[in-house]
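Subject: Structure handover

Hello,

Here is the structure for you to open. Please keep it on screen while you read.

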Amino acid sequence: MSNPLHTPLCDKLGIEYPVVAFTHCKDVAVAVINAGGFAVLGEALHTPDQIAADIKWIRERIGGKPFGIDLVLPSSVPEEKSVDELLAMIPPEQREFEQMIKRKYDVPDPKIAPDIHHWGGLDQKRALAQLEVIFDERVPVFASGLGSPAFLLKRAHELGMQVWGLVGKPRQAKKQLAAGTDVIIAQGYDAAGHTGNIGTFSIVPQVVDAARGTGVPVIAAGGVTTGRHLAAALALGADGVWTGSLWLASRESDVNLPLKERLIEAETDDTVYSNCISGYTMRTTRSPWHNEWSSDAAPEVLKPPLQMILSSNYIQGSLDYQRKDLMTEAAGQGIHYVTEMKPARQILSDIVEEALDVFDRFAA
């Protein structure tokens, strides 16, 4: 019997298992790659110099294996604005509401400038400066978690790079297929972070149908945390899975301990789909910030990137002082199955073993 987990994605990347780990931690990325999976490192919060250093660090540890980098490509933000200029654009009503939350919950001031001040989603100049590093380094795979990568396809392909696009709607998938995107990630509403409003089990087969005959692999994303999810994704026609929340509490993850504990304790309904963090709809764990912005007293949520700038002190303060009661993190609806701190290699092995058990059961 052929291996049901060996898919066209495995051939395209030269990997053993069709499991993609999306992570902001380079230690997790290296562990997954060296265990036979694939990893995409989220670098949108880093400066160009930090991105270049991370790429070098990974390459030194994976022996020529491929890896990916994820950035955001915002189109609805200013072309160029400093952090101070963006802060000055926040209206008094929203600023006063943020200060009320700070007083009510005794939110500490951050010890350091928030990471979000480097986020590529703040303005187009930042995003493009980050992108130049990806081209300079000829990263094997570039993925865009927010915004369409269509405009950079020609240059990337000339450099021998693959370009992956995350989509939340079938029509977005069709546009990216027509543009020549190499891999499509069909991301359902269950997913962590910025995502659309179509469920995983609905969007994946529609994108698979759209990609049929093109030779472009489709990866299923949204709530994937077990081997059963992997088997189900392959049954829907996907060539692999994109996993994110799964790695947050891993041993290698640099997420601080109280936040790991919070994620391990979290249940599916502890995640909330809201625009109060960034101005874009995204799924994160519920916090006092979410509760206040969903109240009748809340002002209008600001457009990107101003809402992200507004929420950044709350988020950074909660992390710097390890205030578990305040913390929030991007987490998908599959968080129920993240129940302990395990090494990344074991997490991958457990998913693969469970998926193979599913296929064995059906074969029997």
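Below is what was found in it, element by element.

This is a predicted model: local features need pLDDT of at least 70, side-chain atom pairs count only at pLDDT 80 or more, and totals for chains, interfaces and linings use all residues. Residues are numbered from 1 along each chain as its sequence is written, and side-chain values use heavy atoms, with hydrogens and water left out.

Strand β1

Start with β1, residues 19–23. Helices (H or I, at least four residues) and strands (E, at least two) are DSSP runs, numbered from the N terminus. Five of the five residues of β1 are buried, so this strand is largely enclosed by the rest of the structure. Buried means under 20% relative accessible area, exposed over 50%, and partly exposed in between (1.4 Å probe, protein chains only). Val19, Ala21 and Thr23 point one way; Val20 and Phe22 point the other way. In a regular strand the side chains alternate between the two faces of the sheet.

β1 pairs with two strands discussed here. Two strands pair if DSSP finds at least two bridges between them. With β9 (residues 240–243) the pairing is parallel, over three bridges. There, Val20 stands opposite Trp242. With β2 (residues 38–42) it is also parallel, over four bridges. Phe22 has Val40 of β2 as its bridge partner. From β1 the chain crosses through helix α2 (residues 26–34) to β2, and this β-α-β crossover is right-handed. That term applies if, with the strands pointing away from the viewer, the path from the first strand over the helix to the second runs clockwise.

The three-stranded sheet

An open sheet of three strands has the order β7-β11-β10, with antiparallel pairing. Its edge strands are β7 (193–194) and β10 (271–274), each pairing on one side only. Four bridges join β10 and β11. Thr271 stands opposite Thr285 in β11.

α13 covers residues 306–320, 15 residues in total. From first C-alpha to last it reaches 22 Å, close to the 21 Å expected. The expected span is 1.5 Å times one less than the number of residues. α13 bends by about 35° at Ser312. The bend is the angle between axes fitted to the seven residues ending there and the seven starting there. Of its 15 residues, 13 are buried, so α13 is largely enclosed by the rest of the structure. Just after α13, Gln322 takes a positive phi of about 50°.

In α11 (residues 257–265), Pro258, Leu259, Lys260, Arg262 and Leu263 are buried. Their cover includes β11 (282–285) and α13.

Cores

A nonpolar core is a set of buried Ala, Val, Leu, Ile, Met, Phe, Trp, Tyr and Cys residues joined through side-chain atoms within 4.5 Å. The largest has 63 residues; Ile134, Phe142 and Trp247 touch the most other members. Helix α14 (residues 344–363) gives the most to this core, with eight residues. Apart from it lies another core, of 29 residues, among them Leu122, Met282, Trp289 and Leu310.

Pro140

Pro140 is found in the loop between α6 (124–136) and β4 (141–146). At 22% relative accessibility, Pro140 counts as partly exposed. Leaving aside neighbours within four places in sequence, Pro140 is in contact (heavy atoms within 4.5 Å) with Arg59, Pro66, Phe67, Met161 and Gln162.

Best regards
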